[in-house]
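Me: Could you take me through how the elements of this structure pack and pair, giving the cut-offs behind each term as it comes up?

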Amino acid sequence: MQKKRTNKPVPTLILGLCRSLWTVLRHAFVKRETVSYPEIKRPLPSRWRGRIVLTRDPDGEERCVACYLCSAVCPVDCIHLQARQNDDGRRYPETFSIDFSRCIFCGFCEEACPTLAIQLTPDFEMCERRHESLIYNKEQLLIDGQGKYPGYNFYRHAGVAISGKKIGAAETDMSPVDRDNNLP
Amino acid sequence: MSTILIDGRTIAFKPGDNILRAALEADVEIPHFCYHAALDSLGACRLCAVEIKPKNSNEAPRLTMACLEPAKEGLEVSVSAAAAQQVRRHVIELLMINHPHDCPICDEGGECHLQEMTVTCGPPYRRYRGRKRTFTNQDLGPLIHHEMNRCITCYRCTRFYQDYALGNDLGAMRLRNEVYFGRFQDGPLESPFAGNLVEICPTGVFTDALFRQRFARAWDLNTAPSICPHCSVGCNTLPGARDGTLRRVRSRTHPELNRWFICDRGRYGHQYSEHCARLLSPRVSGENTSYHKALNAATTRIKATQNCIGGIGSAREDLEGNTMLQALLNEVGGVFTAFNDPALEAATIAAVSWLQNSAGAPSLIEMEQIDAALIIGDLTAHAPMIDLALRQAYRKGAELTLFHSSPTPLAQFTTSAITVPPREMYAKLSHLCTLINALLAGRDISDDPMAVIAKSLIKARQPLLIGTIETLTATDASVLAKLAITLGPNARLTYALSGPNAYGSALLAPEGNAMQILESVETGKIKTLIVAGNDPFSDPRFGLRWRAACRNLNTLIVLDCILTATAEAADILFPVAAWTERGGTFVNYEGRAQSFLPVFHRPEYLPSAADVIADLAKYLECSRQDVLSVLQDTFPDFQVPAPGTLGSPIPVSLPPISDSPSAGSPLLSSNNSTWQTALMSWYGDETLASFAPGLTSLAPATIAMIEQATATATGIVDGSKIRLRGSADSVVLPVQLNQNIAAGTVGIGRNVLVRLGLGHGDPIELEKVL
Amino acid sequence: METLLTRHLDATTPLNLAAYQAIGGYCSLSAAFDLKPEKIIETVEAADLRGRGGAGFSCGLKWRLRGADAPSPRYLICNLDESEPGTFKDRYLLYGGPHQIIEAVIVSAYALQAERAFIFVRGEYAKGGHSLNQAIQEAETAGLLGSSICGSGFNLQIEVHLSGGRYICGEETAQINAIEGKRPNPRPKIPRPSTHGLWGQPTTTNNVETLVNIPHILLNGADWFRSLGVNGGCGPKLFCVSGKVRHSGLFELPCGTPAGELIFEHAGGLDEGRTLLGFLPGGASTAFLLPEHLDLPMDFDPVAKAGSRLGTGSLIVLDNSTCPVEFTLNLMRFFARESCGFCTPCRDGLPYLAQILTAIASGEGHADDLALLDELCATVASQSFCAFAPGAVMPLISSIQCFHTHYEQHVTNGHCPFDTTTQGERQP
C-alpha cells in the first residue's frame, strides 16, 4: 500500500519559512506608520472634537452669556452653570463646570452655542489621577483667545445695552425712538 | 350641545364663544398672541387666521380671525389650510422684523410664547434687509425688568394693567411700529398686581427682576403645585427651585380662585426663603447642635414640666403642624392656641363660626359676579386677590361701599367710602343694621346719611359683606354676620383672615386659650412654651407683654423657618422647612383645604413643623405619633385633598355664636377725646414677605397720617413732627395729612405699633414736637 | 358752472352770521323744520348724494339704515379730519365759510334727530377750528343753536373737537374713540357705529363736503341736485388738482366731469413739452389711472369700474419727469408713518414695504423684490383690522402694475432711470 503524503516536503517548508522571515525582516526597515507619541504628536484638524474651552470675543470679554443652551442640549448632562449679570449689563456664568468623565465630546454644545463661546479643541491630553480632577471649573475652561471663530461679538448684534454700547448701537439697529414725542 | 368642526375634530362651544375661545377650552391649539382668557379678544395680532369652509360650495373659503369670529353650529374651520398658514407666516415675519437678537440673554427663553409661535408658524430665515427700530427702557422698580425692544405690540400688558387690574400708571404711548408700553412717568409700578405682567407678556419685555438675580432656565427648574402662604386667599402657585434654592414663584390656574393671576406679595415674597435670616441649624441655649440633641433637650424639659406647658401654633403654619402641636399638648397636659393676640383669636373664631353656620364664603369667581358689596377695612393689604376680584365686579357695574379707618387703594372704585374710627366701627355697623331693618319694614330712612348704602345693599341681587379680621373685633365680625342674615338668603358673608391657615387653626382650640396661656406664663403657671411658626414678641398689641412674660419661662421652644424676634429669644430652636420645602395643607378663607407638595429639598434637609412635633411625640413616647392619623382623629370626616386639585371643604365643627356680644371689645372706650390708632398696611405687609428685600424696598414711608379736620382742630400742620406715646415706648414721626384716614385717628405702620406696644384702635398719646 | 358751495368762501375774511344770512344763509332751516325727518332722509336718498369723504357710500341710505327708532341720545359727527395727501377741499370750506358748515350740521342733525353734534377738525387746522367756534357762538346767540331752534322744538348742541393729530383719526370708529378721549385705534366692524358708536349710542359720521350739500338739496329738491352733475354724476363736486399741472387748486365742478377736462382745461394742463404719465383720481389711497382714462367721468361708479376709486376727488397728476417709484415711495413712507399701530400687517407690514421700495428706488433692489412686494401686499391688504392698510397698499399694487417697466429698470440698472446724478444714501 502507498503511504499517503500528509506533509509537504521539507525543502518547501524551509522555503516558506525563509520567505516569511524575509517579509518580517523587510518590515524591520519599512517606514513606520506608528508615531512615537508623546515625542512626536500628530497634527489634528481644528474641527477635531477634543477638550472643551470657553473663548473670548474680539474685545477680550468672555463670550459666554450663560444662556444654558449647552447644558440643555448636552446628551449626558455634564455641563452645569449659574447665570449672573454684572453691573455692565453683561450676562456671564458665575460658575461653569464640565464633568469630563461624563463628556462624550459629541460637540452638540459647540453647535448649540449662540455666541460661539464654547468650542471643542483638538486636545485630548486630559488624563488625571483622581476622578474629581476631571470636573473642570470655569477657570480651567476659559481661555484668552477667540478660538476657532475669530471676529464674532454677540453683544454687537443683540439689542440690550451694555457698558460701552447703548441701545440702538448694534449693527442692525436704528437709534432709539423718542418716546416722549408723538411727532413723526 | 352646540359644536363646530376644527380640522375634522368636533369641538363643543358655549353661546357667545368665538372660535378661538372654544378651541382653547378644548385644548386645540390655534396660534395666537393678543387673545387671553382673562382679557378676551382684541383682533390686533392677526395670527389666529383660520379658513372657514363656506356652506355654499360655489363660494370660495374665507379667511377670518378666530378670535373675532363667533362660533356657530356646524361651522367648519381649518387651522391647517395653506392660506391660513401663509397669513401666519407673514404675521410672524412682520413681528420678527424689529425683534432683537436677544434670545440667549433673554429671561423668557424656554417659556416664550413668541419663540413657540415663530417655530410653529414662522419662516425659518430672515429676508428683511433693513434696520431694527429700538427703544430705551424704563426703570419700573425693583420687581419688574423692562426691555422694550422685544415688544410685539400685542397690547396684553396695557389691557391687563388698565382694563383688568384698573391701574392707571402704565399704558401705551406713541403710535405705529413705535408704540411704547411703559409708565407715563419714571418710577416703580404702583399696582399690587403688576407682577402679572411678567406672565402675561408673551415675549421678554416684562420679566421677573428678582428671578434675574439668580437666573435659571424654566426647563431646569424643579416645580410642584403649591399654595401661597402669604394671606388667607390660598392662591395656587407654581414655585420653581434649582440647586437647592428657591428661585421664583409663578401663578398656577385654579378655576374658582385666583385663575391666571397672583398678587405681587405672593410672587415676590418668596425671598424670605433664601434670606440670611433663614434658620438652618437647631440651637440649644444659643449653641448650634444636632437635631437629635435638640430633641433630647426639649424632651427632657417637657417631661420635667408636665401639665405646665403651653403651645402657640400659627395661622401661617399648615394644618398638619397645628394639629400635631395640639395633639401633643393634649397628651402632656398643655394648653394650645393658634393665636398670640386674644382679640384676633376671638375675632377669627367668631368669623369662622359664622362662616361655618351660614351659606359659606363665596369663591373669588363668585365674588366677580356680585352686584353690591360692603367692605370693612383695608382689603388690598390683607387679601389682595379679593380686591382684584371685587375690581372685576366693579367693572361689571357692582356698587361697592367701603368702611375703612386707613387709606386703601380700593376706595377709588367705591360708590360710597366712609372713614370710620376703629372704636366706632361697631356702632356704625349696628346703625346700618337698624337702617336696613327699617327699610325692609317699609319706613322712610332718607334723612339718614347712610340711607344710600342701605338701599344699595337691599336692592342688590347678590350683596357681599366682607371684613378684614385683623382690624375687626369679634363683636364687629358678629354684627357684620347679622347684617348678612338681615339682608336675606342672597347675601354672602366672608372675611379676609390673618393667614393662609387661619381658618384651619381657628378650628383647633376654643376662644380664650390665648389669654389663658399669656396669663399662665405671666403667673408662672406655664413653665414651658412651644411656639410653632408664630412670633408673639412682634405682635402689635400684646408683643411687649409676651416678651416680658416669657422671661418667667423655664424653656421657650420655637419652631420656625425664619429668625423672628421670638426665635431669637428661644432656648431651644428648631429650624423647619419653608412652605416650598415640605408638603402640607392650608385651609383658606372659604374653608377650602388645599394641599401643596415640596418643590425641592435644601442640602441641609429640614423637616416640617409637623415632622418635628411628631419626632418630639416619639421621644416623649406619646400615644399618637403619626401626622396622618392625628389629622384623621382631629377631623374625622375630612379627606386631605390631592395636591393640584381644586381642594376639598373642611368639615363644619364650630357651633354657632350665641347672641350676646362677647367681652372681646377692648376697643370700646368711653373717652372719645383721646386719639386712637389705626393700622396702616400695604400689600407687602406680612411676616414672611417682610423678609423679601425686593418688596420691602417699596414699603411706604414711615409717617403718621392724620385727617385734615382733626389736624386743623388740634393745630397740627402737614409735615410737622409729633411724638407718639405707647405703653412702653415713644416715637417721633413726621405728619402727613390725608382725607382717607378716620377722624381722631392716627394712622401708623405695623413696625411702629409693635414698638409702641399698641394695636389697631388702641388709645394713644400724641404731642407736637417743636 | 355757477358754483354752489364755494361762491361765498373767503379765507381771509369769512362771512359772519349777518353777511351769510344776507346771501341766503340759514334759509334751509325753516325748510327743514317744515318737513318730517323721514322725508328729509327720503329726499337726500333720492338726490343720490354720495359720501365725499372717500368711501362714496350713499348718504341718504346710510341715514335710512340707522333707523328712525334708534335709541337716544343720538350723535352726528361731521368729519373734518382731512389728512389724505392731495386733499384740501375741506380746508377751503372750513377757513372760507364756517357758517355754511354749521347750517349743514343743523339740518342734518335734525334729519337724524341727533341732539348733539361734533365737528371733528384736523389738529393742524386749529385756526379754522377757532373761527368755527366763534361762528358757533354767533349762531347760539342768534338762537340758531341750543334749545328749540327757531321755535321748532328741536334742540342741538354743536361741539368742535380739535384732533390731537394723525391720519387715522379720520377713520370713523377711530374718530369715535378719539372723541371719547381714548387712543384712536379703530373698533371692530361689529357692532356698527350706527347702533353702538359714541359712548355706545347710535352715531352717524359724514364728511363735511357731503353735509354742506344737504341745505341745497332741501331748498331746491332732489331732481335739481341730480341735474347739477354730468355724465351720470349727481350734484357738484369739489375737485382738488395738484401735482405736475400748471394751475393746481380747488375747482367746484359738476360731479362726473371727465378727468381730461379737469387736468387740461381747468388746471391749465402740463408743463411745456411734458406728457401725462398717470394720475391718482382720489387722493393717495387710490389706484393709478393712465392717459387712456382721460375721458373717464370723475364720478364714483365709473372710476370704480376702471379699477380705482374716486375717493375724495383729489387728483394728483404725474408727468413723464416724475419717477413713479419715487412717488409711490413718498406715499408709502407717509402711510407707514401714519399707521395707528394696532394690527400687525399695517404696523409692521407698511414699513417693510417702504423699506423694500426704498431699496428699489435707490438702486439696491434685488431681482425677487417685486415678487416679495406682491406677496406682502396680499396679506397686508386682506388681513388688516381696518380699511387703512388696504388703502395704503392700493397705490403700490397699482403702480407696480401700471409702471412695471420703471420698477424693472430700477432693479436692473441699479439706479433711478430719471436721475442722472448719483443717488444719495437713503434711510429706510
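Me: How are helix 14 of chain C and helix 16 of chain C oriented to each other?
Reply: In this predicted model, local features need pLDDT of at least 70 and side-chain atom pairs count only at pLDDT 80 or more, while totals for chains, interfaces and linings use all residues. Residues are numbered from 1 along each chain as its sequence is written, chains are lettered from A and ligands numbered from 1 in the order in which they are written, and side-chain values use heavy atoms, with hydrogens and water left out. Helix 14 (residues 344-361) of chain C packs against helix 16 of chain C at an angle of about 15°, the axes being 10 Å apart, where axes are lines fitted to C-alpha atoms, for helices over the stretch in contact, and angles run from 0 to 180 degrees between N-to-C directions. Because angles under 35 degrees count as roughly parallel, over 145 as roughly antiparallel, 65 to 115 as roughly perpendicular and the rest as oblique, helix 14 of chain C and helix 16 of chain C are roughly parallel.

Me: Is helix 15 of chain C roughly parallel or roughly antiparallel to helix 16 of chain C?
Reply: The axes of helix 15 (residues 369-382) of chain C and helix 16 (residues 388-402) of chain C come within 9 Å and cross at roughly 155°. The residues of this contact comprise ten nonpolar, no polar and one charged. From the crossing angle it follows that helix 15 of chain C and helix 16 of chain C are therefore roughly antiparallel.

Me: Which strands stand at the edges of the open sheet of chain C, each with a single partner strand?
Reply: The open sheet has four strands in the order 6-5-8-7 of chain C, with mixed pairing; strands (E, at least two residues) and helices (H or I, at least four) are DSSP runs numbered from the N terminus, and two strands pair if DSSP finds at least two bridges between them. The twist averages 30° from one strand to the next. One side of each edge strand is left without a neighbour in the sheet, so the edges are strand 6 (249-254) and strand 7 (276-280) of chain C.

Me: What is the bridge partner of C:Cys240 in strand 6 of chain C?
Reply: Strand 5 (residues 236-243) of chain C pairs with strand 6 of chain C in the antiparallel sense over six bridges. In strand 6 of chain C, the partner of C:Cys240 is C:Leu250.

Me: Which residue in the turn between strand 2 and strand 3 of chain A has a positive phi?
Reply: Strand 2 (residues 79-85) and strand 3 (residues 91-99) of chain A run antiparallel and are joined by seven bridges, with A:Phe96 as the partner of A:Leu81. These strands form a hairpin with five residues between them, and the residue with a positive phi, about 95°, is A:Gly89.

Conventions:
Ala, Val, Leu, Ile, Met, Phe, Trp, Tyr, Cys and Pro count as nonpolar, Asp, Glu, Lys and Arg as charged, and the others, Gly among them, as polar.
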